[in-house]
Amino acid sequence: MHSVWASCESLRLASTLQPSRRNDVLLPERMVHSAHDLFATSLAYFWCDVIWIAVQRARGRAPHLWLGRLAHHAVQTAANAPVLLSAGRQRRIMSAYLGLAYTAELSTIFLRLSRLLPRLRRRARLDGALLRWLDCQNRRALLATFVVFRLVNFPICGRLIARNRAELPRAVVRTHASFATLAYVLNVGWFVRLARRRGSQSAG
């Protein structure tokens with residue numbers, strides 16, 4: 001549900017970005033509150049997951065991909081916190097590129113569906129051919145949204161960070177630029193794995 005909501009909100013923010021000679025693009029003042037709600041609510045969601053993981057670990061359990069989830073939440077905290085603590089033009093600048101980066105959640109919807117559909121195939125009494133068709137279409141949508149909203153979109157966000165470095169605190173620029181670069185490298189590797197998986201399944 002978080003991915004669906006975050007995707008809708010980030011696309012809405014992206015659709016309102018205003019051209020700016022000084023900043024390339026800038027979030028309109030009227031959308032700042034909406035951006036704040038997105039980043040704050042999303043961060044609260046991630047930290048609820050951190051607490052849940054901590055409780056499960058204290059009980060001797062290991063939640064699925066818990067280390068990766070904690071790393072993701074740490075990165076997201078470093079990305080969102082400076083925006084939530086900023087004000088004025090700096091907040092509008094950071095909200096513009098962070099809002100664009102959040103559109104990556106769109107591909108997460110299809111990624112989670114790709115894990116859900118095989119379970120439906122095993123548990124639900126649905127036609128096997130229909131589920132295979134849905135799985136094929138979902139994987140196509142996953143790869144397409146991954147390319148557009150991660151592999152193409154992230155360099156655009158990186159350009160906006162570099163373009164506005166003179167107007168932002170140096171520590172924020174370094175943090176956002178470093179994590180944006182790391183995220184892009186990870187996304188390239190992730191895409192290669194997804195593409196190979198699709199290729200092997202098509203061959204099978």
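Q: What counts as a salt bridge here?
A: A salt bridge is a side-chain nitrogen of Lys or Arg within 4 Å of a carboxyl oxygen of Asp or Glu.

Q: And what kind of model is this?
A: This is a predicted model, where local features need pLDDT of at least 70, side-chain atom pairs count only at pLDDT 80 or more, and totals for chains, interfaces and linings use all residues. Residues are numbered from 1 along each chain as its sequence is written, and side-chain values use heavy atoms, with hydrogens and water left out.

Q: How many salt bridges turn up in the whole structure?
A: The search finds seven. One of them joins the side chains of Arg139 and Asp135, at 3.2 Å, N to O.

Q: Where do Arg139 and Asp135 lie?
A: Both are in helix 6, four residues apart, about one turn of the helix. Helices are DSSP runs of H or I with at least four residues, strands are runs of E with at least two, and both are numbered from the N terminus.

Q: Are those two buried or exposed?
A: Arg139 and Asp135 are both buried. Buried means under 20% relative accessible area, exposed means over 50%, and partly exposed is in between (1.4 Å probe, protein chains only).

Q: What is the N to O distance for Glu167 and Arg22?
A: Their side chains meet at 3.0 Å. The pair links distant parts of the chain, 145 residues apart. Glu167 is in the loop between helix 6 and helix 7 (170-203). Arg22 is in the loop between strand 1 (18-20) and strand 2 (24-26).

Q: What about Arg69 and Asp49?
A: Their side chains form a salt bridge at 2.6 Å, N to O. Arg69 sits in helix 3 and Asp49 in helix 2, 20 residues apart. Arg69 counts as partly exposed because its relative accessibility is 23%. Asp49 is at 17%, so Asp49 counts as buried.

Q: Switching to helix 2: what covers its buried residues?
A: The cover includes helix 1 (2-15), helix 3 (66-84) and helix 4 (88-102). Among the buried residues of helix 2 are Leu38, Phe39, Phe46 and Ile53.

Q: Why does the span of helix 2 agree with expectation?
A: Helix 2 (residues 32-58) has 27 residues, so at 1.5 Å a residue it should span 39 Å, and its end C-alpha atoms are 39 Å apart. The expected span is 1.5 Å times one less than the number of residues. Just after helix 2, Gly60 takes a positive phi of about 85 degrees.

Q: Where does helix 6 bend?
A: At Asn153, by about 40 degrees, with Pro155 following within four residues. The bend is the angle between axes fitted to the seven residues ending there and the seven starting there. Helix 6 (residues 128-163) still reaches 51 Å between its first and last C-alpha, close to the 52 Å expected.

Q: Which helix holds Glu105?
A: Helix 5 (residues 105-123).

Q: Overall fold, quickly: how many helices and strands?
A: Seven helices and two strands. From the N terminus the order is α-β-β-α-α-α-α-α-α.

Note on methods:
Contact means heavy atoms within 4.5 Å.
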